[in-house]
Every structure is written in structure tokens, then in C-alpha cells.
Amino acid sequence: MFYDDAEKWSRQEIEKAQVQRLRRTLARAAGSRFYGDLFRAKAIDPDTIHTLDDVRRIPFTTKADLRAAYPDGLLAMPVKDMVRMHVSSGTTGAPTVIYHTKNDLSWWASLMARCMYMVGIRPTDVFQNMSGYGLFTGGLGIHYGAERLGCLTIPAGAGNSMRQIKLITDFHVTAVHIIPSYAMHLANVVREMGMDPKDLPIRFALVGAEPYTEESRRRLEALYDMKVYNSYGLSEMNGPGVAFECPEQHGMHLWEDAYIAEIVDPETGDPVPDGELGELVMTTLGREGMPIIRYRTRDLTRFLPGPCPCGRVHRRIDRIAGRCDDMIIIKGVNIYPMQVEAILMAMPEVGQNYLIELDRVGDMDQIKVKVELKDEYFVEDMRALTALQKRITARLRDEILVTPKVELVEAKSLPRAEGKAKRVVDNRGAMS
Ligand code: ADP
Ligand code: ZN
């Protein structure tokens, strides 16, 4: 059932280890330029941190801090001790660099292996990693975890769908890692090749790296006849392996022996009550080369209250609702792309891709949603199309409280990114 002991820890055991590891982390961090300066400036003595609540005396570390300390201001050990570096995808601006020692990589691989084992993947499974390798952590991060677990691991990388499908069938791949937007696309390609995605041997899919909804998960599970498990991580906290769904598929266990997690109000930085949405803040407890303390992830989620039937005590976070930066404000209303996705992916006529476009017409902001239809619904009957368009518009309006312009387009006609999907194009800046 369990890959390692820490997975079985009680709340007491977790907290005891967290305090010990926090103190060790702070002592290490004090050796870095960034935290050394910060602790001096704020008169923080790591030795005076004795409880988990004390962690709140330490200021947050932000992405801007990491950028300002570029490239090595957070290193707590000499560069010669580092064996790898990764760079975040840069979805929201300049990328940040994270260094790892040998021990750090081993810690990360074991967390990743734990996640995979938890959902039922075993050394006898053949695992194909379909995310980009290179600087993106979804490549090597997942790869080393799968090898640690003992799976035959195929480093397929991103793109080249025909080859992906050939590898899956030729080597009888039973477990994959894939980002949601690509998984949707790949299903179309499988169909084009005259096969049904259900006929592929895949049983488990680790799906993450970008937000997606419960509706999208169910859709992928049905399309491929496989189980989809949500996988969350970010480069600053290693990459994948931070939080992961268990077989219950209800929230992701965040590994508290490895991280301290807080959820705060993004405006005030104050903790929000359990169960309420806020920004995830995290502290590394296992990293020696480049510890990061109270990192503002900018990801919005909530702690799910109550125990998990799987028996793991590590707290669960809800599916990521989006990034703080993803919020669209239109006519004074706040909208998240995932609200749009949830509506679209629940409609059987809608295909696997969509795009939100923001424009300014006169002084009015306008939200347009381009929606790919499945081939069988992209018909010549104007009346049918108009009725469908109206139905989609009405459902979206009920959810987002403004009326979008809905444009129905043919399957596979919208642009598709090689890596993380770009869901929103904002044309308003150029005109204002
Ligand atoms: P970047 O922040 O530049 O995209 P990363 O490659 O480190 O860099 O990606 C980490 C981010 O990806 C997270 O902060 C989060 O916003 C997003 N992410 C990762 N996994 C998930 C997931 N399962 N659900 C939603 N978002 C995710
Ligand atoms: Zn569980």
C-alpha cells in the first residue's frame, strides 16, 4: 500500500519532523546571500524558531525575490556541490533558476516514486513520459521518479504524436505522464490514425503542470478508458511530486514531511481558515542546496478538511483553481479560465480545445470564447449551430455572470502550444 514510512505518519509525527526539518532548513538558508541578508535585516535568529507557528515570523519569499537573486543568490552551498539546475517555464514572466545537489535529486525522486506507487503504479508497469525534457521539471523530475520506482521508463518527450502512439502500442505502455491539453489533442490524433484511444494499453495517467477541471479529468478518463490522477508541483519546490492524488481522487495529498504548506489571503498574506480558497505558500524541508522558505506560489487552492479514506494524514489540497495572475476582470466581474473550462468540458458537443479572447470595443471590455466542436457536431445546419451557440452562451453567462461572445470553430483549428496551454489572449492593452 505504502511506498515509504513517512507516508504513514500520524499528525504528531509529521509535526515533530516538520519542526526539526524547519530548523535545519533555516540554519542552512542562513548561509545563503539572500536569506543571510534577510535574517539580518529583520533580526531573525533561526535558533529562536521552535514551533510551526514561529514560521510566520519569517517574511515571504516571492518570485520577484528569486528573480532579483538571479542566478545564485539563494544557494546555501557552493556551486561545486550542485549537480543539476532547472528553470521554471516562465509562464508569467522571467524564469527562475533552481539548483539541486545529489541529495536533493534523490529526495525529489523518492517523493515522485511515492506519488506513483500511491496510485497503483508498480515496477512491472511500462511508463512513458510525454512532457518536455530539458529545463522543464516535468521531464527529468518525473523520469527519475519512475526509474526510482523501477518502471521501464520511456523518455518520449513532448510532441510528435504519431511516434508517441507507436511507442505506447509497441512497448505496451501502461502508465503515462502527460499535460491535460496535450492529452486532449492526442486523443484526436489517435482517432485520425483509425484507432480508438480506449484500445491503447494505458491504465494510469499522471496529469498536471497546468490547471484543468474535474470535467476535463472525467472526459480524459472516458476517452482513454484510464484513470487520471492530478499531479501538482512547481520548479521552485522541485517540480512534480509536491502534491498528488491518491486512489480516492479527491484532493491531492501534499507531502508534509517534505514541505510546510500554508494557505493565505493573497491580498493580506494572513492565513485563511481551512476550507477557504487562498494562495498556497510553501517551505522546502528536504532541500540542502537551495532551501526556499515561505514561497508565494501564486497558485490558488484550499485545504480539504477531514481525513482521507486512504489513511494518509498528509493534508489534501483541492484542484488548483488557477493562478492569482490568471484572474480576468471584465465589466467589474472576476473570472477564472477554469470556470469557462468547467462549463465547456461538460458539454458533449464541445471538442478538446477552447480559447478566451479579451477585446476592448469602444470603452467596453468584451470576452469572446472560441470553442472547438467535435466533428460530428460541426454541421452545415445553421439552425442547429445557432441553437448550440446560444446554449453555450447561456451556460457560460450563468457561470461567469457576463455574456460572452461565443464563436464555434472546427476541431483542431485553434492554436495549440507545445507545452502549457495558453487559454487567454488579452488584446485590450494594445488599444487602451
Ligand atoms: P511556471 O510557473 O513558469 O509555469 P513551472 O514549470 O514550475 O513554471 O510550473 C509550475 C506551475 O504550474 C504551478 O505553479 C502551477 O501554476 C502550474 N501547475 C502545475 N501542476 C498543476 C496542476 N496539477 N494543476 C494546476 N496547475 C498546475
Ligand atoms: Zn488519500
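This is a predicted model: local features need pLDDT of at least 70, side-chain atom pairs count only at pLDDT 80 or more; totals for chains, interfaces and linings use all residues.

Biologist: Which protein donors does the zinc ion (ligand 2) have?
Modeller: Cys246 (SG), His253 (NE2), Cys308 (SG) and Cys310 (SG) are its protein donors, at 2.1 to 2.3 Å; donors are N, O and S atoms within 2.8 Å of the metal (3.2 Å for Na, K and Ca), and water is not among the atoms, so sites may look incomplete.

Biologist: And why is the arrangement called tetrahedral?
Modeller: Because the four donor atoms subtend angles of 101 to 116° around the zinc ion (ligand 2), and four donors count as tetrahedral if all angles lie between 85 and 135 degrees.

Biologist: What spacing do those donors follow along the chain?
Modeller: The spacing is C-x6-H-x54-C-x1-C. Distant parts of the chain are linked by the pair Cys246, in the loop between strand 8 (239–245) and strand 9 (252–254), and Cys310, in the loop between strand 13 (303–304) and strand 14 (316–317), which are 64 residues apart. Strands (E, at least two residues) and helices (H or I, at least four) are DSSP runs, numbered from the N terminus.

Biologist: Switching to helices, at what angle do helix 4 and helix 5 cross?
Modeller: Helix 4 (residues 102–118) and helix 5 (residues 137–149) cross at roughly 70°, their axes coming within 7 Å. Axes are lines fitted to C-alpha atoms, for helices over the stretch in contact, and angles run from 0 to 180 degrees between N-to-C directions. The two helices are therefore roughly perpendicular, the class for 65 to 115 degrees, whereas angles under 35 count as roughly parallel, over 145 as roughly antiparallel and the rest as oblique.

Biologist: Which residues make that contact?
Modeller: Among them are Trp108, Met112 and Met116 of helix 4 and Ile142, Tyr144 and Leu149 of helix 5, where contact means heavy atoms within 4.5 Å.

Biologist: How do helix 9 and helix 10 pack?
Modeller: Helix 9 (residues 337–345) packs on helix 10 (residues 382–400) at an angle of about 140°, with the axes 10 Å apart, which makes helix 9 oblique to helix 10.

Biologist: Where is Pro71, and what kind of peptide bond joins Tyr70 to it?
Modeller: Pro71 is in the loop between helix 3 (63–68) and strand 1 (82–87), and the bond from Tyr70 is cis, with omega about -5°.

Biologist: What is the phi of Ala43?
Modeller: Ala43, although not a glycine, has a positive phi of about 50°, and its place is in the loop between helix 2 (33–41) and helix 3. Most residues other than glycine have a negative phi, and most peptide bonds are trans.

Definitions and conventions
Residues are numbered from 1 along each chain as its sequence is written. Chains are lettered from A and ligands numbered from 1 in the order in which they are written. Side-chain values use heavy atoms; hydrogens and water are left out. Four donors count as tetrahedral if all angles lie between 85 and 135 degrees; four count as square planar and six as octahedral if opposite donors are over 155 degrees apart and all others between 65 and 115; anything else is irregular.
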